[in-house]
Structure formats: structure tokens, C-alpha cells
Amino acid sequence: MQEKTQPTICPDPQKALLDEVLCPGCGKFVGAYEKCPYCGTEMKKRISIIFFKRAALVIAFGGLALLWFTAVKMKPPLIHVSDINARYNNAVVEIKGMVESVRTKGKDQIEFDVDDGTGSIKAQAFRGRAEMKKLGNIPRAGDQVSVIGSVQLTEKYGTSLMINIPEKVKVTPAKCEKVTIDKVTIENKGKLVEVTGEIVIADKKDIGTFLTIGDTTGMVEVPLFKSDLQRVKDNDRFTTVGKEIVVIGTVDEYKGKIQIKVRDADEIVTLPGDTIPSKNIPGYAEAARKEKEIESKMSPNMKNAENIAENQEIMAY
Amino acid sequence: MDSMAALQILIYTILGTIIGGILSMVPALHIFNVSGIALLIWFRWPFLMPEVALPAFFMAMLVAWANINTIPSMFIGAPDEAAVFVVLPGQKYMLQGRGYEASILTGVGSLGAIVMMVLLTPFLYYTLPFIKNIRSQNLAWIMLLFIIYMLMSEWPKGSGMGKTVWERFTWAWANLISGLTTFALSAFLGFIILNRTMVPLDMSFQGIMPVFVGLFAVAGIIQNLVSHQAVPPQHESKSIDVDYRLLGKGIFAGTIGGGLASIIPAVTGGIGGIIAGAATGQRDDRIFVISQGVSKTIYYVGAFLLFFVPTLMLSRGGMTIILKPLFTPYTNQEYFMILSVIMISGALSFLMMFPLTRWTIRLITHVDYHIILWIALAIVFVIVYGLTGWMGMFLMGVSTGIGLIPAFYHSRKSNCMAVLLVWMVLSQGGHGPAILKFFRLD
Amino acid sequence: MKGLTHFLSGVALGSFIPAAVRMANSTGENSYILALGGLFGIMPDTLDFKVGQFFSGADYDVDADPNRLDPQKMAEQIGRAMDDAWETGRYVKIQLYPIRISVDLWRQYVVKFDGEKNEIVVIINEIVNTSQASYVGSAPKTNRVGRCRVKGKMLETHGKPSVVDIMSGPQFGFIKKGGVVEVEFLPWHRTWSHSFVLGFILSAAVWLIASLIAGWDKGWLYGLVSFLGYSIHITEDLTGHMGGSLLWPFQKDRTNGLCLFKASAAHANFSVDYLAVTVLLFNLNRFAPKPFFTLGTWEYLLYVIAIPLIIYGLIGKFFGEKKDVDKKEGEISAEKALASQQQSSNEEMLYDAEDAVVGDVQR
């Protein structure tokens, strides 16, 4: 591979150079310098380079100032979720819509789904939840939001809106209507409601607890998933049959069955008294029978575990 | 994978290599611009390419580009962000009539890089996931380390002329100040373009393209346009002036450099190569040229390859960003498929280097290379305007101004990479909102 | 050692502090604290090369005219400076400048302090490019070597000739000590900047600033990481020929190094770089809230550090350079020039002797 036939032959340096890069005063090489560093002679001939040197600075500083001015004046465009395609990747945009659900992860992460009527997009911030809490702009399901972020598209994770600045999430809290259970119907799907009811059934499953609450006008299902329950410290308080609770959530439908999708399990309030007589709840007898069936089906292990937990609680007192 | 799919992949690999190789010869045209255009064409006429061949086609273009684009970078001097360091030694070789040899040296480096990527497969599968996880948890300060080293390791050019301390100090610091100015302006430009969509919304996926074209390609072209360099006759050597020891050293240094660049965001093959050169103590021009060839290939191709490692799925590099919305690899089969694409395309593009270098030499010795540069500039303008409109042209203009500062004031061009590095360090460290607020970009 | 080696060593050393690693982790505070180790690891050389050297004014300059090269004149200029130091007893500094020919071409020359003959030798070499590759056949055909005998006895501690070619030239200091004139290479380098005391002062400033920003409970960690980075640089430099003024301003003299290997030794630098990176990864993992791998210290030391380094060493031993790589090309060229001059001088002496004999016979 070694070739010895091609030694590095010295080019004649003087021939390779134009007069304009040699100092007229001392004859030394000065390159693009405007003043000879050796003898101080001004290099009058270097106008083209000097021009470009100056032009580069003017363009860089002036152009950047103008760009900054334009950027400050420019507001991220408001777009519809349905407009987004692969060409929008990394676009900084604004999306306005209703929050469908909110999830928190890790120490400072938050993500929520926003539906603007044309589609739904996941807005997420890998950090900033604490900041948002401070700012009071952590959205809840049902709230109207305006979010500014950059569009991120991957085949694996789908489309999302990355929130870089927590302040850029503007929340308009949803109006919450106090209703009786008979108003929780398919016609009101998506509405945020507050319902007071007695826990008639508490069906504990692997994925969470499915409550059925009732008032004097009817009964409705309130699913509480594990992720909801884990965030609440004393979650046993609202999974005890017979207790009366106040639930805030959106009216939803699952497999043709109406349910209340709880906005935040932390918001569930357990009432001290017994304001709704069980006998006045329509269909209570059948529901109570179902609850007994569920309890009898509960595995001895689960029961045992519950008993142990209860005993420990008693001993702790 | 059935035999039909395999055949389609093979055909599109060859096609990608040929198209990528030819387009690589256009000075200042970046593969990511070409990919953007190719993708737009595919969106419009999806029947032109089956979806199964999409990664193979783009990978083949990338491999060909990493190999062959060094030719215009060296001979005409319009480098991309990874090749800025190879231009000077390349041009030195050219002035000595050995441009052909220099070009083949980088090609040998690229070939070495492909061999290394194959050999390193177990490392990518079993060791890199750990390193990636550790890196991910420490990204902010690791990227800051690159910034610190980049700025601190730029020494004054010369010990300073002048009679007084102040004269000598300012003389020697002129280039350092130019470097710092380039760094600061690039960083500020990054704050703006990474937080505002300055180009048309439906071209956001090419949003930073005009900036890179301005900082590196257009600035390089202008620098060469104002220089009055005659191209001496070039010798088409039958062999290259290296032995296996030098080759090994070059590949070793380049693999480290390219490896660093392919796993650390915003670090380019050039910067990685410089760090690896310092770590391995290489001073020989030939080792440098080979290692830059290796580094560039691993930086571009290796970064995209990491996306295909099922145990890793590291999303790094421009090509991954462009193609991520369209497909995600999940299996070992896809990894080995893409590895074979790299090998086929690498071998083909290496063979293409010989005639393409010869043609380039003939072209620049017979045609005034200023004309070639003007044509290249016109092509770049058309592409940038066509894809991103007047705003893109404006961005390119501002970036060119910044890119010209290191060229005319004698500092490192890698300072321009602050356009990505600084924002990433600050946002990873959780300071992004404060910075944007300060500059009223919130 | 090289800048990168100091830089990586500084970061690696900082990573031995568990609290600092946890602060740097993104699950912790995402702090930049460990980067300070790198910053301060490279700081002493930065202070020298970016600041210190410009404040070290020279009493004499050797700034040769590329169009009229005169090695004899250059040797005499250096000799005059040395004689000045011998006669006046004051500390005399001389600055050698590179000879620039064009944008990428430089005239290389070598300065040798010959203690045996008590003379300064200047040899003009080939033209080199900025990568220090020399152009064959570009050395002057005549008038290549200049010599100047000095008055006082010289003591050269650097141990090798100085090759001057690209970017900048070295500065020498001459000082009369006892009955000799000591030659100090780069008198501004590794003096005040390579002092543990200065390292402590700068780190204390970091501690103060960091405490004001991050709180007093954490500020000291920033200072400690900085000090460790600074200290590892000074300690690593002791492995070379030139030491440092370790306790400046209390001790201003520059101590000699342990001479284990040259600062630019490629294998030594790479080995330390590798060690630093692997140690850093190990520490980042073991002090992370949830470590990603569970390899024990000894296993890691064996499999990740020792075995690869041994393999690297073996490759270097069996496939590495066989020739004396420590010598720069310029030194080898200068030696050839001197040998050639010696040979022609011997031939001349022989001719003179023969001539004398012939003359005698003729007479």
C-alpha cells in the first residue's frame, strides 16, 4: 500500500502567493490581516476580504437582531389536530380544546389529552409539573385549554405536543353542574358533573375498583382505576359500601353503559351522615344482592389480606 | 421477510446508493435536504416506492452520501457540519497534486467504518443500552462538557505579536474572541429557531435546514469564492501513502470520534473526530484524513443504525428525526437487514468514488472552480427557497453571516454547532423557560 | 499530559463524590456540577496559554526574516541573551517566533542548547505545512547551521532540542545559578497556574458563588469538585519532565517532574483517558438512584478496565511503531543536518591536514 514514488514536493511558496498577501513594507506573509503584524504597514489592497469581513459581521449581528424582532412579534399559529401530518414534525404551534384525561408520571412529568373537535392529541411535559402546580395551571379533565408546544411525530408513540414552557398552558376550568343521577345520560356525554350518591357496589378488580353509586333518582357506575387510587392516600374511605360520596367527573360511555369518569380521585369527598336512605334508591335490593355475590366470590386470600390490613389498622389505633 | 420484499430492498438499496452518490457530488447539498425532498415526492406519489423498502432506500442514500460527499467538500470546499475539519488537510493534499489520494483515503476510512459497525454489533446490542441509559440520565452536563472542551481547547493562534503586553494579548485573542462571538451568535440563533417555526408550517420537518446550509455550506462557498487559489495538476495515484498501522490508527480514532457523535446529541462527527484525535494522540495528516472519513460515516450512518438495534432504539441523527414519523423497527431481522444494506451500499459507493473523484478532478482542472461554486450556490438557493420560502432564505442569510465569522476571523467553525448544543444543554438542565422568558421568546 | 486527559480526569475524579453524582442526575437536580471537574481540569493550562504567556514579556526576540534566513545571526541573538544573564546576573527571557511563509507554510528551525560544547546551535529545516508535514527538498542547500559559544557554563534541563515551526514559538528563560546559566523552557508555563494554593483559591470562589446560588449546604460540593479537577491536573503534570510551582506564591520555583513519560505520549494519554471514562461510567451507575448494571467493583476493574487496557498495550507492543517515536521529525532532520555539517567539517579538516602534509612535503 505504501507508495514511495510520491514524495511531498515543496511548492515554491513565493510563486504560490499573490503580492497582496505579502507585506509591501517588509515582504513577509500577512495573509488576510489588514495591518502587517511585523512592521505595521497598512495593507491597502485587501479590500475584498475586508469587505467580506465587515459584511459578515453586519449580516450576523443585524440579521440576528431582525430575526429576533420577528420571532418576538410572531405568535405560534393556532392549528387543528386534524391538520397535523408528518411534515409538521417539530412545528411550534398552539392547540385549543377540551382536556379528556390527565396523567402524571415520575417526579415532574405530566401529560394530558386534548380534543379540539377535529381529533385528539397528547400534550406532554417531561418536566414542569411542579412549576405548573405553582402556577395553578394543571388542567383537569373537562377543562378548556390552550397549549403551545412543538409537534412530535413518531410511528411508535404517535403524535404529541411537547410543552417546553409550563406557562404556555392556559386553563379555563370547566363549568361543573350539580346534578342528580337521572341526569347522567348519553345526551350529556362529555359534560362535567357533580353527583352525590351512596356506594351500593364496590367491585374490586385487578385493574381497579368499580363503584356503583345511587341516589333517589337512579344508579350509575364510577370506575376508579388503580392509577387513580394509588395517588390517593386513604382510598378505603370511598370504597366502603354504604358510604355517601361526592364525585366530580365527565359523563362517559363504555360498551353502551353510562359511567362517570372521575376527574381526580383526590376530589372525591366522603360525607359523614346518611342523607340518602338506601331503600329510596331505585333497584337497591338487586344491587345489594349483587354486591353480596361479589363479596362471596372474593378469594380467601384477598379476604385474608383485607382482614390482616384491618387488624393492623385496629392495632395501630 | 419474503423473497419479493428482499428483492425490493435490494433494488432500492442499489437505487438509493446511485441517487445518493450522484446527488452527493453537488457541493453544499446536504443529504437531509435531499431526504426531505425525496420524502415529499413519496408523500405525493407513494407508488414510487413500497413502504418495506423505505428504510433501505434512505439508509443507502445516507451511506453513499457519507462516502462520496467528501469529494466536493475537499475539492470545492463546501463542507457540511461533519466535514469542516477535513477540508483543510484535503485542500492541502489537493495543492500538492494529491487530491485523488486524499479522497480515496477518506473512502478507505468510510469502508473501515462499515467494517467497524459490523464488528461492533455485539457491543451495540449488549453494552450500549447501559451506556445509553446512563447518558440519558446525565445528558445536560455531558453535553455541557463538550461545549467546555470545545471552547477551552481553542488556543490562541500564535504567541502574539506586539511590543506591549496588551498588544500581544489582543493580537493573540483576536481569533479566540471571534470564536466566542460565533459561539454566542449561533447559540442565540438556536434559541430562536428551535422555539419558533420560522418556515412554513407544513415544512417544519425541514425547519433547521436553512440554518445548517447557511452556517456551513454557503459560508464555505463564499469563503472559497473570494479566495484566488489555482488548482495544480492532480496525480491519479495507483496506491495510497499509508500502511496498515496508520490505517488501523485512523480507523481506531475515527470509530471513537464517530461513536461519540452518534450517541451524544448535537455533537458532530467533526467534533467527535477532533476529540478522538486528541485522545489517541494522532498528528499525522493521513491518519487525520482517514479518521475523519470513519468518523463522518459512523456519525451519519451509525447514528441511524442505532435506531434499528432492538435493545437500544436510540433516536439520534437527522435521518432518524426525518423518518421516525413513518416507521419504527422492532426486530433483529430489521437490524440485520439494514446492516446488509449498509454493507452493500458501502461497497458500491466506495467503488463509485474512483470514477467520481476522477471526474471531479477533470472538472476542476478544466473549468474554473468559481463557476462550479456559483452553480452550487444557485442550486442551494433554489432548494432552500423551494422548500422554505423567503423566511428560509432569510434564515440562511443570517446563518451565512455567522458562518463567515470563523472563516474570516480565523477561528474554529465547530463553534457554529452552538446553534443546537446550547439550547439543548439549557433545556435539558431545566433552564429553557427562563432563557426564553429573558429573550422574550416565550 | 494532554488537555483532554486532564479534562476527563477532572470529571472522573469528581464522580467519586456520591452527592455530586446524584445532583447531576436528571432524576435529581439536573445540576451541571460534574462539568466543573472538566472545566477546572483544563484550567491551569488555559491560564498559561490564554493569559499567562502574554504577560511574560521577553528581553530579546528572535524573529527571523523568511526572505533572508541567517541561522548564525539567530544563534548569536540567543547567545547574547544568555551572556546578558551570565554577566548581569538578572533573569533574562528570550522569545522565539515562528517563521511564517504563507497561509499554510512555515519554515521550521531547531534550537539546541549544547551543554557539552557550551554553545547554541540553530539549524534551519524544511518548510512544513500547518500539520507539521515537511516538504522534501525544501531545506536550505547552504547556510543551514549557526553556532554561538556562550561565555558562562550552560545547564540545560529540558533535555531535548526545541523545534519551532507552526503557530507559536517557545520562550526561554536564562538565570545564573551558582557557576552556571540555567536554561528554562517556557518560563511562563507551569508556574503560578500549576499551584495547589491557586487551585484552592479559585475553588473557594466557586464555593462562594455556588453557595449564594444553590445554598450553603450544597455550595461546598461545587468547590470540592473544582478543587479536585484543578489538583488532578497539577498531579498528572508531575509525571512528565516539567513539574510545577506547587505551592505558589509560597514557593515560586518550578519543581522538576518525575519523568515517567512525556506529556504528549500517545499511549499513556489514551490509557488515562480510557480509565477516566470507564471510571466515570462506573461511578455514574453505582451512585444513580437506580443503577443500570450490577457488576461488582473488582469484576468491573478486571473486565472493563484491566483486560481492555492490557489488550491495547499488547496491540501497541506488537503492532505499534517500532522506531523512536519520541523524536519529532524536525529533530531527526536537524540531527542529519548537524551530522552532515560535522562530516563536511571533518572532511575539510582532513583536507586541511592532507594539504598541510602535502605542503610540508612540497616544502
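In the predicted model, helix α1 (residues 3-14) and helix α6 (residues 216-237) of chain C have axes that come within 8 Å and cross at roughly 135°. Helices here are DSSP runs of H or I with at least four residues, strands are runs of E with at least two, and both are numbered from the N terminus. Axes are lines fitted to C-alpha atoms, for helices over the stretch in contact, and the angles, between N-to-C directions, run from 0 to 180 degrees. Angles under 35 degrees count as roughly parallel, over 145 as roughly antiparallel, 65 to 115 as roughly perpendicular, and the rest as oblique. α1(C) and α6(C) are therefore oblique to each other.

On the side of α1(C), the contact is made by C:Thr5, C:His6, C:Ser9, C:Gly10, C:Leu13 and C:Gly14. On the side of α6(C), C:Val225, C:Leu228, C:Gly229, C:Ile232, C:His233 and C:Glu236 take part. Two residues are in contact if their C-beta atoms, placed from the backbone, lie within 7 Å. The residues of this contact divide into 4 nonpolar, 7 polar and 1 charged. In this division Ala, Val, Leu, Ile, Met, Phe, Trp, Tyr, Cys and Pro count as nonpolar, Asp, Glu, Lys and Arg as charged, and the others, Gly among them, as polar.

Residues are numbered from 1 along each chain as its sequence is written, and chains are lettered from A and ligands numbered from 1 in the order in which they are written. Because the model is predicted, local features need pLDDT of at least 70 and side-chain atom pairs count only at pLDDT 80 or more, whereas totals for chains, interfaces and linings use all residues.

Chain C as a whole has 9 helices and 10 strands. Of its 363 residues, 44% are buried. A residue is buried if 20 or more other C-beta atoms lie within 10 Å of its own, exposed if 12 or fewer, and partly exposed in between, with C-beta atoms placed from the backbone. Among contacts in chain C between residues at least 6 apart in sequence, 70% join residues at least 24 apart.

Chain B comes to 19 helices and 0 strands. Its radius of gyration is 21 Å, close to the 22 Å that the globule rule gives for 442 residues, so chain B is as compact as a globular protein of that length. The radius is taken over C-alpha atoms, and the rule is 2.2 Å times the number of residues to the power 0.38. Along the principal axes, the C-alpha atoms of chain B fill a box of roughly 75 × 55 × 45 Å. Buried residues account for 63% of the 442 residues of chain B. Of the contacts in chain B between residues at least 6 apart in sequence, 80% join residues at least 24 apart.

Within chain B, helix α6 (residues 99-119) and helix α14 (residues 285-306) have axes that come within 7 Å and cross at roughly 45°. These two helices, α6(B) and α14(B), are therefore oblique to each other, and their crossing is right-handed. Residues that make the contact include B:Leu105, B:Gly109 and B:Ala113 of α6(B) and B:Ile290, B:Gly293 and B:Thr297 of α14(B). By class, the contact has 11 nonpolar, 10 polar and 1 charged residues.

Between chains B and C, 38 residues of chain B are in contact with 43 residues of chain C. On the side of chain B, α5 (87-95), α8 (128-137), α9 (139-152), α10 (165-193) and α13 (269-280) each supply at least two residues. α9(B) gives the most, with 8 residues. This side of chain B has 21 nonpolar, 11 polar and 6 charged residues. B:Trp141 has its place in helix α9 of chain B. B:Trp141 is buried, with 25 other C-beta atoms within 10 Å. Leaving aside neighbours within four places in sequence, B:Trp141 is in contact with C:Ala24, C:Tyr32, C:Leu34 and C:Ala35.

Between chains A and B, 41 residues of chain A are in contact with 49 residues of chain B. The elements that give two or more residues to the side of chain A are α2 (47-73) and β4 (144-154), and α2(A) gives the most, with 14 residues. By class, this side of chain A has 25 nonpolar, 9 polar and 7 charged residues.

Conventions: Left-handed = near helix turned anticlockwise from the far one by under 90°.
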